[in-house]
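Please consult the sequence and structure below.

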Amino acid sequence: MKKWSVVIVLGLAQFVMVLDGTVMNVSISTVVEDLDTTVAAMQAAITFYTLTMASLMLLGAKLGDVWGRRRAFVIGSCIYAVGSLMTAFSPTFGFLFLGWSIIEGLGAVLVIPAIAALVADNYTGRSRISAYAVIGAVSGAAVAAGPLIGGFVTTYFSWRYVFVGEVVILFFVVLFARVITDKTARQSVRIDLLSVLLSSAGLVGVVFGMLQSKTWGWVVPLHSPVIAGNEIAPLGISLTAWLIVAGVALIYLFIRRQRALVRQGRAPLVHVEMFSITQLRSGLSVLGAQYAVTAGLFFMVPVYLQMTLGLDALQTGIRIFPLSVSLILFSIVGTQLSKVWSPRRIVRLGQWILVVSAFMLLGTATPDLRSLLFASGMFLAGSALGLLASQLGNVNMSAVTEKETSEVGGLQGVFQNLGSSLGTALIGSILIGALSSSFAAGVATSDLPEHAQEIVAEATQRGVAIIPAAQVAELAQDAGLAEEDASTLATIYRDSQLSSLQVAFFGLILITLFSLFFSRGIPTTMPVKRREAG
């Protein structure tokens with residue numbers, strides 16, 4: 001039991017870290033109503049939850065080296081618990097954003113890289129491979145179980161109890177953290193704050209730009225922010241484009257800064273030369289794409305089930321349950337397959353299954369849920385994600401030496417959360433942007449009288465919000481439309497929701513196909529021994 005007590009403690013922490021996103025996604029409509037906010041605001045909260053982690057994960061990994069990995073793990077768990085408690089008692093969206101998106105994210109940047117490094121510290125050989133597979137399976141189980149847990153608790157109690165439960169779990173994680181061995185000596189290094197600033201600001205710029213594209217437009221200004229009566233669109237270009245360009249430039253400067261620190265004999269935030277290792281570069285890229293698809297899927301599907309079809313949180317969780325089963329099952333299958341198949345073969349299989357599942361889910365975006373096709377698509381998506389989860393952790397960690405495991409743990413956290421934030425920001429913005437375009441076109445080509453179209457145009461001049469389709473007719477009548485016109489408008493809105501979901505699903509297909517390019521560097525033989533330091 002002593003052998004596996006470590007991975008149990010680490011697995012519980014990993015479960016909590018991953019659980020939050022999927023719980024919040026399936027509870028979107030209830031939280032929106034409870035806190036009197038919008039789906040777009042919740043998209044921002046979900047995006048910034050993972051973005052906070054992505055932007056500061058390298059700092060968290062470095063602090064683990066300085067403080068000691070177990071100490072960082074315990075401190076991070078305590079910070080995360082404070083954020084969870086604050087989220088549980090949030091009276092407004094602002095409190096939820098601070099507690100969930102920011103404070104929990106700050107705790108996670110210490111916990112996540114420490115988990116990966118502590119597995120390497122406590123296990124060797126085949127046991128290490130199995131331990132990484134367990135952590136990957138736990139992550140998958142959290143992604144899968146989140147909708148069921150969140151759906152049940154939200155429907156019969158309150159979404160707030162989920163976060164209270166996280167505090168309880170983390171209490172036991174901290175209590176039993178002493179069973180974890182921290183063999184790696186602490187490093188006495190000075191953390192370069194300019195590197196932290198450049199990397200954080202760069203990632204925030206890119207992701208926030210994508211997040212706001214639905215409002216500001218990608219290149220041509222749409223609804224630009226206004227300051228002192230002046231629209232902010234430098235040189236007639238959308239602020240979205242400028243933020244993304246600035247973010248990329250800051251990331252480039254960050255890379256140059258790391259190389260300069262190495263030349264000066266100082267410790268960088270991350271050794272960027274590690275990206276010259278093909279296995280690591282491919283593993284991290286596929287990992288990021290996997291999490292982008294997962295985050296996009298878990299944002300779109302609840303929106304479709306709750307806002308278009310009118311299902312509650314529990315019904316949504318039940319519809320997602322096939323993914324839950326297959327993800328856990330195929331995480332185990334992937335581990336067993338690794339004894340006879342290469343990591344690349346298993347990863348490629350998972351990626352192609354994910355493409356097929358996305359096409360199937362695209363076909364389910366109809367006014368009446370095609371239950372069998374939807375369940376099959378979710379099952380295949382879960383099986384693909386399970387196969388990927390079973391391989392990528394060990395692929396990345398086995399690409400480097402023991403000394404570099406903490407750094408790679410931080411990079412894994414960066415790519416996981418950057419992928420998640422990009423997936424939510426990009427797919428969510430495509431979804432909301434396509435909804436606005438489709439709805440405007442539908443109204444313009446409809447039989448609605450001119451005065452009714454003018455009322456709709458005025459109400460949606462700053463964009464079209466995602467709301468339950470069943471409420472559109474009532475809201476339209478409240479705005480002054482006749483009953484017949486309100487009914488027509490509700491039909492247009494429902495059709496627009498479905499059209500935008502189809503566009504967003506197609507975006508997921510493109511991301512998955514693109515990730516196939518990066519999987520070429522995944523090893524064709526099972527990596528066990530670590531690369532010797534040069």
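Helices α6 (125-156) and α7 (160-175) each contribute at least two residues to the nonpolar patch, helices being DSSP runs of H or I with at least four residues, numbered from the N terminus. The model is predicted: local features need pLDDT of at least 70 and side-chain atom pairs pLDDT 80 or more, whereas totals for chains, interfaces and linings use all residues. Residues are numbered from 1 along each chain as its sequence is written, and side-chain values use heavy atoms, without hydrogens and water.

**Nonpolar patch**
- The patch covers about 1,300 Å² and includes L85, F89, F152 and F176; patches join nonpolar side chains (Val, Leu, Ile, Met, Phe, Trp, Tyr) within 5 Å, from residues with over 30% relative accessible area and no salt bridge.
- The largest share, six residues, comes from α7.
- F176, in the loop between α7 and α8 (193-211), is partly exposed at 39% relative accessible area (buried is under 20%, exposed over 50%, partly exposed in between; 1.4 Å probe, protein chains only).

**Salt bridges**
- The structure holds four salt bridges (a Lys or Arg side-chain nitrogen within 4 Å of an Asp or Glu carboxyl oxygen).
- D34 and R160 pair at 3.4 Å, N to O; D34 lies in α2 (residues 28-34) and R160 in α7, so the pair ties together parts 126 residues apart in sequence.
- D192, R257 and R266 are linked in a salt-bridge network.

- S383 lies in α14 (residues 371-397) and is buried, at 2% relative accessible area.
- Beyond neighbours within four places in sequence, S383 contacts S326, L327, F330 and I353 (heavy atoms within 4.5 Å).

How values were computed: Patch = residues over 30% accessible without salt bridge, like charges linked within 9 Å, V, L, I, M, F, W, Y side chains within 5 Å. Areas by Shrake-Rupley, 256 points an atom, 1.4 Å probe, with all protein chains shown as cover.
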